[in-house]
Amino acid sequence: MNGKSMKLTRAFGILLSAAMVAACGGGSGVAYTVGGIISGLTGSVVLESGGVSKSFSTNGAQTLTAPIPDGTSYNLTVRTQPTGQTCTVSNGLGTVHADVSNVLVSCVSATRTYATVSTLVNTSLTYAEGIAADAAGNLYVADMMAHTIRKVTPQGVVSTFAGSGSAGSADGTGTAASFNNPDSIAVDGNGNVYVADTGNNMIRKISSTGVVTTLAGSTTQGSVDGTGTAARFRGPSGVATDASGNVYVADGDNNMIRKITPAGVVTTVAGSTTSGSVDGTGASASFNFPRGIAVDSAGNLLVADSWNSMVRKITPAGVVTTLAGSTTQGTADGTGALARFSHPQGIVLDSNGNAYVTDNDRVRKITPAGEVSTLSGTTDYVVTDTDGPVATATFHYLQGITIDAKGVLYQIETNAVRKIE
(Lines give C-alpha, C1' and ligand atoms only; values in the text may rest on other atoms or scores of the structure.)
Protein backbone atom coordinates (compact mmCIF):
# COMPACT_ATOMS: atom_id res chain seq x y z
CA MET A 1 0.00 0.00 0.00
CA ASN A 2 1.43 3.42 -0.99
CA GLY A 3 1.76 6.58 1.13
CA LYS A 4 -1.43 8.07 -0.27
CA SER A 5 -3.60 5.15 0.87
CA MET A 6 -1.92 5.13 4.30
CA LYS A 7 -2.97 8.77 4.82
CA LEU A 8 -6.51 8.08 3.65
CA THR A 9 -6.97 5.15 6.03
CA ARG A 10 -5.60 6.76 9.19
CA ALA A 11 -8.89 8.01 10.59
CA PHE A 12 -11.24 5.52 12.24
CA GLY A 13 -14.80 5.55 11.02
CA ILE A 14 -14.02 6.65 7.45
CA LEU A 15 -14.92 4.07 4.85
CA LEU A 16 -13.26 4.58 1.50
CA SER A 17 -15.30 4.14 -1.62
CA ALA A 18 -14.29 1.40 -4.00
CA ALA A 19 -12.98 3.99 -6.47
CA MET A 20 -10.86 5.74 -3.85
CA VAL A 21 -9.41 2.48 -2.54
CA ALA A 22 -8.62 1.26 -6.04
CA ALA A 23 -6.95 4.57 -6.88
CA CYS A 24 -4.72 4.20 -3.84
CA GLY A 25 -3.77 0.62 -4.59
CA GLY A 26 -6.15 -0.81 -1.99
CA GLY A 27 -8.78 -3.53 -2.10
CA SER A 28 -12.34 -3.80 -3.32
CA GLY A 29 -13.94 -1.15 -1.07
CA VAL A 30 -15.10 -3.77 1.45
CA ALA A 31 -14.11 -2.87 5.03
CA TYR A 32 -13.44 -5.04 8.07
CA THR A 33 -12.83 -4.52 11.77
CA VAL A 34 -10.05 -5.70 14.06
CA GLY A 35 -11.25 -7.11 17.36
CA GLY A 36 -10.37 -9.43 20.18
CA ILE A 37 -10.42 -9.89 23.93
CA ILE A 38 -9.19 -7.57 26.69
CA SER A 39 -8.44 -9.28 30.00
CA GLY A 40 -7.21 -8.22 33.44
CA LEU A 41 -7.92 -4.51 32.89
CA THR A 42 -8.71 -2.48 36.04
CA GLY A 43 -8.52 1.03 34.56
CA SER A 44 -8.35 2.53 31.09
CA VAL A 45 -5.97 1.55 28.33
CA VAL A 46 -5.43 3.48 25.11
CA LEU A 47 -4.75 1.42 22.00
CA GLU A 48 -3.35 2.82 18.76
CA SER A 49 -3.40 1.68 15.16
CA GLY A 50 -2.33 3.70 12.12
CA GLY A 51 -1.74 6.79 14.26
CA VAL A 52 -5.31 6.82 15.64
CA SER A 53 -6.06 6.06 19.29
CA LYS A 54 -9.06 4.60 21.07
CA SER A 55 -9.65 4.14 24.82
CA PHE A 56 -11.08 1.04 26.52
CA SER A 57 -12.09 0.50 30.15
CA THR A 58 -13.89 -2.88 30.12
CA ASN A 59 -12.76 -6.46 29.73
CA GLY A 60 -14.12 -9.07 27.34
CA ALA A 61 -14.71 -9.22 23.60
CA GLN A 62 -14.23 -5.83 21.97
CA THR A 63 -14.12 -4.25 18.54
CA LEU A 64 -10.72 -2.58 18.73
CA THR A 65 -10.80 -0.52 15.52
CA ALA A 66 -13.37 1.08 13.28
CA PRO A 67 -13.78 -0.61 9.87
CA ILE A 68 -10.72 -0.42 7.63
CA PRO A 69 -10.51 -1.30 3.93
CA ASP A 70 -9.82 -4.81 2.68
CA GLY A 71 -6.09 -5.33 2.20
CA THR A 72 -5.06 -2.69 4.74
CA SER A 73 -2.29 -3.51 7.21
CA TYR A 74 -2.84 -2.90 10.93
CA ASN A 75 -0.44 -2.78 13.88
CA LEU A 76 -2.31 -2.47 17.15
CA THR A 77 -0.14 -1.26 20.04
CA VAL A 78 -0.59 0.21 23.53
CA ARG A 79 -0.25 3.98 23.50
CA THR A 80 -1.11 4.66 27.16
CA GLN A 81 -0.93 2.06 29.93
CA PRO A 82 -3.57 1.97 32.70
CA THR A 83 -2.49 3.27 36.10
CA GLY A 84 -0.60 0.58 38.00
CA GLN A 85 -0.84 -1.93 35.15
CA THR A 86 1.00 -3.05 32.06
CA CYS A 87 -0.96 -4.27 29.04
CA THR A 88 0.54 -6.24 26.15
CA VAL A 89 -0.93 -6.95 22.72
CA SER A 90 -0.69 -10.34 21.05
CA ASN A 91 -1.69 -11.03 17.42
CA GLY A 92 -1.84 -7.27 16.90
CA LEU A 93 -0.11 -7.22 13.52
CA GLY A 94 -1.56 -8.27 10.19
CA THR A 95 -3.57 -7.40 7.08
CA VAL A 96 -7.37 -7.49 6.92
CA HIS A 97 -9.15 -9.67 4.38
CA ALA A 98 -11.99 -10.47 6.80
CA ASP A 99 -13.08 -9.39 10.27
CA VAL A 100 -10.26 -10.11 12.75
CA SER A 101 -11.19 -11.43 16.18
CA ASN A 102 -8.01 -13.03 17.59
CA VAL A 103 -6.23 -10.01 19.10
CA LEU A 104 -5.46 -10.47 22.80
CA VAL A 105 -4.85 -7.54 25.15
CA SER A 106 -3.58 -8.88 28.48
CA CYS A 107 -3.20 -6.53 31.46
CA VAL A 108 -1.28 -7.33 34.64
CA SER A 109 0.01 -5.46 37.65
CA ALA A 110 2.99 -3.29 36.70
CA THR A 111 4.76 -4.49 39.85
CA ARG A 112 5.60 -8.14 39.28
CA THR A 113 6.98 -10.37 42.02
CA TYR A 114 8.09 -13.89 41.18
CA ALA A 115 7.69 -16.40 43.99
CA THR A 116 7.78 -20.04 42.95
CA VAL A 117 9.72 -22.39 40.66
CA SER A 118 8.04 -25.56 39.39
CA THR A 119 8.56 -28.18 36.68
CA LEU A 120 6.09 -28.19 33.79
CA VAL A 121 7.72 -30.92 31.67
CA ASN A 122 10.26 -33.50 32.80
CA THR A 123 12.08 -36.13 30.67
CA SER A 124 9.77 -35.71 27.65
CA LEU A 125 12.46 -33.88 25.68
CA THR A 126 15.73 -35.22 24.33
CA TYR A 127 18.14 -32.28 24.56
CA ALA A 128 16.34 -28.97 24.15
CA GLU A 129 17.80 -25.49 23.69
CA GLY A 130 15.25 -22.84 22.63
CA ILE A 131 11.75 -22.02 23.83
CA ALA A 132 9.06 -19.48 22.87
CA ALA A 133 5.43 -18.83 23.85
CA ASP A 134 2.47 -17.99 21.64
CA ALA A 135 -0.51 -15.79 22.52
CA ALA A 136 -2.57 -18.75 23.73
CA GLY A 137 0.09 -19.88 26.21
CA ASN A 138 1.43 -22.79 24.17
CA LEU A 139 5.19 -23.28 24.21
CA TYR A 140 7.36 -24.23 21.24
CA VAL A 141 10.64 -25.96 21.98
CA ALA A 142 13.66 -26.57 19.76
CA ASP A 143 14.51 -30.15 20.76
CA MET A 144 18.02 -29.97 19.40
CA MET A 145 19.31 -33.52 19.54
CA ALA A 146 15.95 -34.91 18.39
CA HIS A 147 16.00 -32.57 15.34
CA THR A 148 12.38 -31.61 16.04
CA ILE A 149 10.21 -28.70 17.10
CA ARG A 150 7.95 -29.70 19.96
CA LYS A 151 4.73 -28.08 21.16
CA VAL A 152 3.85 -27.96 24.86
CA THR A 153 0.35 -27.02 25.99
CA PRO A 154 -0.21 -24.95 29.16
CA GLN A 155 -1.05 -28.27 30.85
CA GLY A 156 2.34 -29.72 29.90
CA VAL A 157 1.21 -32.05 27.10
CA VAL A 158 4.09 -32.51 24.62
CA SER A 159 3.68 -33.28 20.92
CA THR A 160 5.86 -33.00 17.82
CA PHE A 161 4.93 -29.90 15.83
CA ALA A 162 7.46 -30.31 13.01
CA GLY A 163 10.50 -32.40 12.13
CA SER A 164 11.03 -36.01 11.21
CA GLY A 165 13.39 -36.82 14.07
CA SER A 166 16.32 -37.37 11.71
CA ALA A 167 18.81 -34.69 10.69
CA GLY A 168 18.01 -33.10 7.33
CA SER A 169 17.07 -29.86 5.59
CA ALA A 170 13.79 -30.68 3.84
CA ASP A 171 10.89 -28.24 3.75
CA GLY A 172 7.42 -29.73 4.17
CA THR A 173 4.52 -30.04 6.56
CA GLY A 174 4.87 -31.36 10.10
CA THR A 175 6.97 -34.51 10.33
CA ALA A 176 7.65 -34.46 6.58
CA ALA A 177 10.05 -31.57 7.19
CA SER A 178 13.51 -32.01 8.69
CA PHE A 179 15.94 -29.96 10.78
CA ASN A 180 19.55 -30.34 11.85
CA ASN A 181 20.21 -29.42 15.50
CA PRO A 182 17.67 -26.59 15.79
CA ASP A 183 18.73 -24.21 18.54
CA SER A 184 16.68 -21.07 19.16
CA ILE A 185 13.02 -20.36 18.43
CA ALA A 186 10.66 -17.36 18.26
CA VAL A 187 6.94 -16.80 17.62
CA ASP A 188 5.51 -13.71 15.89
CA GLY A 189 2.14 -12.03 16.43
CA ASN A 190 0.51 -14.13 13.72
CA GLY A 191 1.54 -17.45 15.26
CA ASN A 192 4.39 -18.16 12.85
CA VAL A 193 7.36 -19.95 14.41
CA TYR A 194 10.94 -19.09 13.42
CA VAL A 195 13.81 -21.48 14.06
CA ALA A 196 17.57 -21.00 14.11
CA ASP A 197 18.36 -24.29 12.36
CA THR A 198 21.96 -24.30 13.54
CA GLY A 199 23.31 -27.42 11.88
CA ASN A 200 21.82 -26.37 8.53
CA ASN A 201 23.00 -22.72 8.81
CA MET A 202 19.41 -21.70 7.97
CA ILE A 203 16.53 -19.74 9.43
CA ARG A 204 13.33 -21.73 8.97
CA LYS A 205 9.73 -20.54 9.18
CA ILE A 206 6.83 -22.70 10.36
CA SER A 207 3.27 -21.52 9.77
CA SER A 208 0.60 -21.96 12.43
CA THR A 209 -0.53 -25.07 10.51
CA GLY A 210 2.95 -26.64 10.59
CA VAL A 211 4.16 -25.81 7.06
CA VAL A 212 7.96 -25.49 7.13
CA THR A 213 9.82 -23.28 4.64
CA THR A 214 13.34 -21.86 4.51
CA LEU A 215 13.31 -18.11 5.09
CA ALA A 216 17.05 -17.54 4.54
CA GLY A 217 20.37 -19.37 4.37
CA SER A 218 21.48 -22.72 3.02
CA THR A 219 23.50 -25.72 4.11
CA THR A 220 26.58 -23.89 2.77
CA GLN A 221 27.92 -21.86 5.66
CA GLY A 222 29.34 -18.36 5.34
CA SER A 223 28.74 -14.70 6.22
CA VAL A 224 27.08 -13.35 3.08
CA ASP A 225 24.22 -10.85 3.02
CA GLY A 226 21.60 -11.50 0.36
CA THR A 227 18.06 -12.73 -0.22
CA GLY A 228 16.72 -16.13 0.79
CA THR A 229 19.02 -19.04 0.04
CA ALA A 230 21.66 -16.66 -1.38
CA ALA A 231 22.41 -15.45 2.15
CA ARG A 232 24.89 -17.32 4.35
CA PHE A 233 25.01 -17.94 8.10
CA ARG A 234 27.46 -19.85 10.27
CA GLY A 235 25.87 -21.62 13.22
CA PRO A 236 22.94 -19.24 13.90
CA SER A 237 22.07 -19.58 17.58
CA GLY A 238 19.38 -17.03 18.42
CA VAL A 239 16.24 -15.57 16.80
CA ALA A 240 13.73 -12.86 17.72
CA THR A 241 10.94 -11.05 15.87
CA ASP A 242 9.68 -7.47 15.92
CA ALA A 243 6.20 -6.03 15.37
CA SER A 244 6.92 -5.43 11.67
CA GLY A 245 7.69 -9.07 10.94
CA ASN A 246 11.48 -8.71 10.78
CA VAL A 247 13.57 -11.54 12.20
CA TYR A 248 16.82 -10.82 14.05
CA VAL A 249 19.48 -13.49 14.27
CA ALA A 250 22.38 -13.97 16.66
CA ASP A 251 24.74 -15.54 14.11
CA GLY A 252 26.89 -17.24 16.71
CA ASP A 253 29.93 -18.57 14.87
CA ASN A 254 30.08 -15.43 12.70
CA ASN A 255 30.01 -13.16 15.79
CA MET A 256 27.37 -11.06 14.02
CA ILE A 257 23.82 -9.83 14.49
CA ARG A 258 21.78 -10.17 11.29
CA LYS A 259 18.37 -8.92 10.18
CA ILE A 260 15.93 -10.69 7.85
CA THR A 261 12.96 -8.83 6.37
CA PRO A 262 9.64 -10.64 5.77
CA ALA A 263 10.77 -10.96 2.12
CA GLY A 264 13.92 -12.84 3.20
CA VAL A 265 16.42 -10.02 2.63
CA VAL A 266 19.39 -10.52 4.98
CA THR A 267 21.63 -7.67 6.15
CA THR A 268 24.23 -7.40 8.93
CA VAL A 269 23.21 -5.10 11.78
CA ALA A 270 26.43 -5.24 13.80
CA GLY A 271 29.61 -7.22 14.31
CA SER A 272 32.07 -8.95 12.02
CA THR A 273 33.62 -12.38 11.71
CA THR A 274 36.42 -11.21 14.04
CA SER A 275 35.50 -11.92 17.66
CA GLY A 276 35.93 -9.24 20.32
CA SER A 277 34.14 -7.14 22.91
CA VAL A 278 34.31 -3.66 21.39
CA ASP A 279 31.39 -1.24 21.53
CA GLY A 280 30.76 0.78 18.39
CA THR A 281 28.50 1.11 15.36
CA GLY A 282 27.80 -1.65 12.85
CA ALA A 283 30.84 -3.61 11.76
CA SER A 284 33.12 -1.64 14.10
CA ALA A 285 31.51 -3.39 17.09
CA SER A 286 32.46 -6.93 17.99
CA PHE A 287 30.90 -9.92 19.76
CA ASN A 288 32.14 -13.30 20.91
CA PHE A 289 29.61 -16.04 20.14
CA PRO A 290 26.32 -14.18 20.70
CA ARG A 291 23.61 -16.63 21.77
CA GLY A 292 20.24 -15.17 22.78
CA ILE A 293 18.55 -12.11 21.29
CA ALA A 294 15.44 -10.07 22.13
CA VAL A 295 13.72 -6.95 20.73
CA ASP A 296 12.15 -4.23 22.87
CA SER A 297 9.17 -2.03 21.97
CA ALA A 298 11.45 0.74 20.67
CA GLY A 299 13.29 -1.58 18.30
CA ASN A 300 16.44 -1.94 20.40
CA LEU A 301 18.08 -5.36 20.45
CA LEU A 302 19.45 -7.02 23.58
CA VAL A 303 22.04 -9.73 23.00
CA ALA A 304 23.37 -12.39 25.35
CA ASP A 305 27.03 -12.15 24.29
CA SER A 306 27.88 -15.52 25.74
CA TRP A 307 31.65 -15.89 25.54
CA ASN A 308 32.16 -12.24 26.51
CA SER A 309 30.00 -12.79 29.62
CA MET A 310 28.08 -9.62 28.73
CA VAL A 311 24.64 -8.43 27.73
CA ARG A 312 24.88 -5.93 24.87
CA LYS A 313 22.38 -3.39 23.52
CA ILE A 314 22.00 -2.38 19.86
CA THR A 315 19.96 0.67 18.85
CA PRO A 316 17.93 0.70 15.60
CA ALA A 317 20.84 2.71 14.12
CA GLY A 318 23.25 -0.15 14.88
CA VAL A 319 25.03 1.49 17.82
CA VAL A 320 26.32 -1.22 20.18
CA THR A 321 26.90 -0.61 23.89
CA THR A 322 27.40 -2.92 26.87
CA LEU A 323 24.35 -2.92 29.13
CA ALA A 324 25.81 -5.16 31.84
CA GLY A 325 28.74 -7.45 32.55
CA SER A 326 32.37 -7.55 31.47
CA THR A 327 34.81 -10.07 30.05
CA THR A 328 35.59 -11.07 33.64
CA GLN A 329 33.37 -14.06 34.38
CA GLY A 330 31.47 -14.45 37.62
CA THR A 331 28.05 -14.39 39.27
CA ALA A 332 28.08 -10.99 40.98
CA ASP A 333 25.01 -8.78 41.07
CA GLY A 334 25.52 -5.08 40.44
CA THR A 335 25.01 -2.34 37.87
CA GLY A 336 26.57 -2.21 34.43
CA ALA A 337 30.19 -3.33 34.24
CA LEU A 338 30.21 -4.14 37.98
CA ALA A 339 27.89 -7.12 37.38
CA ARG A 340 29.32 -10.49 36.44
CA PHE A 341 27.90 -13.25 34.25
CA SER A 342 29.22 -16.73 33.54
CA HIS A 343 27.91 -17.64 30.07
CA PRO A 344 24.59 -15.85 29.37
CA GLN A 345 22.48 -17.96 27.01
CA GLY A 346 18.80 -17.11 26.58
CA ILE A 347 17.27 -13.67 26.98
CA VAL A 348 13.69 -12.37 27.04
CA LEU A 349 12.06 -9.01 27.81
CA ASP A 350 8.96 -8.29 29.84
CA SER A 351 6.49 -5.49 29.10
CA ASN A 352 8.35 -3.10 31.42
CA GLY A 353 11.64 -3.50 29.58
CA ASN A 354 13.28 -5.78 32.14
CA ALA A 355 15.45 -8.53 30.69
CA TYR A 356 15.64 -12.06 32.07
CA VAL A 357 18.75 -14.04 31.23
CA THR A 358 19.66 -17.69 31.72
CA ASP A 359 23.21 -17.73 33.04
CA ASN A 360 24.54 -21.24 33.63
CA ASP A 361 22.44 -22.43 36.61
CA ARG A 362 20.85 -19.09 37.43
CA VAL A 363 18.12 -16.79 36.12
CA ARG A 364 19.30 -13.17 36.21
CA LYS A 365 17.24 -9.98 35.88
CA ILE A 366 18.49 -6.76 34.26
CA THR A 367 16.55 -3.50 34.55
CA PRO A 368 16.58 -0.99 31.66
CA ALA A 369 19.21 0.93 33.67
CA GLY A 370 21.53 -2.08 33.69
CA GLU A 371 20.98 -3.16 37.30
CA VAL A 372 21.56 -6.91 37.58
CA SER A 373 20.08 -9.17 40.25
CA THR A 374 19.67 -12.92 40.62
CA LEU A 375 16.02 -13.93 40.34
CA SER A 376 16.52 -17.61 41.15
CA GLY A 377 19.20 -20.27 41.30
CA THR A 378 21.73 -20.36 44.09
CA THR A 379 24.35 -22.94 43.18
CA ASP A 380 26.25 -23.69 39.99
CA TYR A 381 26.82 -27.21 38.65
CA VAL A 382 24.10 -28.89 40.69
CA VAL A 383 23.44 -32.55 39.89
CA THR A 384 19.68 -32.37 40.43
CA ASP A 385 17.25 -29.48 40.32
CA THR A 386 14.89 -28.41 43.07
CA ASP A 387 11.46 -26.76 42.82
CA GLY A 388 10.16 -24.36 45.43
CA PRO A 389 10.59 -20.71 46.41
CA VAL A 390 12.74 -18.67 44.03
CA ALA A 391 15.25 -18.04 46.83
CA THR A 392 16.08 -21.73 47.29
CA ALA A 393 15.24 -23.37 43.93
CA THR A 394 18.11 -24.82 41.91
CA PHE A 395 18.63 -25.37 38.19
CA HIS A 396 20.92 -27.50 36.08
CA TYR A 397 22.39 -26.05 32.88
CA LEU A 398 19.74 -23.58 31.75
CA GLN A 399 19.37 -22.74 28.05
CA GLY A 400 16.47 -20.79 26.48
CA ILE A 401 13.95 -18.61 28.28
CA THR A 402 10.59 -17.09 27.33
CA ILE A 403 7.68 -15.24 28.93
CA ASP A 404 3.96 -15.67 28.30
CA ALA A 405 1.16 -13.09 28.19
CA LYS A 406 0.56 -13.53 31.93
CA GLY A 407 4.19 -12.83 32.79
CA VAL A 408 5.13 -16.42 33.65
CA LEU A 409 8.76 -17.24 32.81
CA TYR A 410 9.65 -20.60 31.24
CA GLN A 411 13.18 -21.98 30.99
CA ILE A 412 14.68 -24.92 29.15
CA GLU A 413 16.80 -27.24 31.24
CA THR A 414 18.14 -29.94 28.87
CA ASN A 415 15.15 -32.32 28.86
CA ALA A 416 12.80 -30.35 31.11
CA VAL A 417 10.77 -27.15 31.10
CA ARG A 418 10.80 -25.19 34.37
CA LYS A 419 8.63 -22.19 35.12
CA ILE A 420 8.79 -19.23 37.50
CA GLU A 421 5.50 -17.58 38.43
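The residue N255 is found in the loop between strand β24 (247-251) and strand β25 (256-260); helices (H or I, at least four residues) and strands (E, at least two) are DSSP runs, numbered from the N terminus. The model is a predicted one, in which local features need pLDDT of at least 70, side-chain atom pairs count only at pLDDT 80 or more, and totals for chains, interfaces and linings use all residues. Residues are numbered from 1 along each chain as its sequence is written, and side-chain values use heavy atoms, with hydrogens and water left out.

N255 has a relative accessibility of 7% and therefore counts as buried. Buried means under 20% relative accessible area, exposed over 50%, and partly exposed in between, with a 1.4 Å probe and protein chains only. The phi of N255 is near 60°, a positive value in a residue other than glycine. Most residues other than glycine have a negative phi.

A positive phi of about 60° is also found at Y397, although Y397 is not a glycine. Y397 lies in the loop between β37 (388-389) and β38 (401-403). Because its relative accessibility is 35%, Y397 counts as partly exposed.

A further loop, between β29 (301-305) and β30 (310-314), holds S306. With a relative accessibility of 1%, S306 counts as buried. Which residues does S306 touch, not counting residues up to four places away in sequence? They are N288, F289, P290, R291, S342, H343, P344 and Q345, where a contact means heavy atoms within 4.5 Å. For P344 there is a further detail: the side chain of S306 reaches the backbone oxygen of P344 at 3.2 Å.

The view may now widen to the whole chain. The chain has two helices and 40 strands. Its radius of gyration is 21 Å, close to the 22 Å that the globule rule gives for 421 residues, so the chain is as compact as a globular protein of that length. The radius is taken over C-alpha atoms, and the rule is 2.2 Å times the number of residues to the power 0.38. Along its principal axes, the C-alpha trace spans about 65 × 50 × 45 Å.

Buried residues make up 54% of the 421 residues. Among the contacts with a separation of 6 or more, 47% are between residues 24 or more positions apart. The accessible surface comes to about 16,100 Å², of which 52% belongs to carbon and sulfur atoms; accessible areas come from the Shrake-Rupley method with a 1.4 Å probe, and for residues only the protein chains shown count as cover.

Conventions: Polar contact = N/O pair within 3.5 Å; in protein donor to acceptor, adjacent residues only side chain to side chain.
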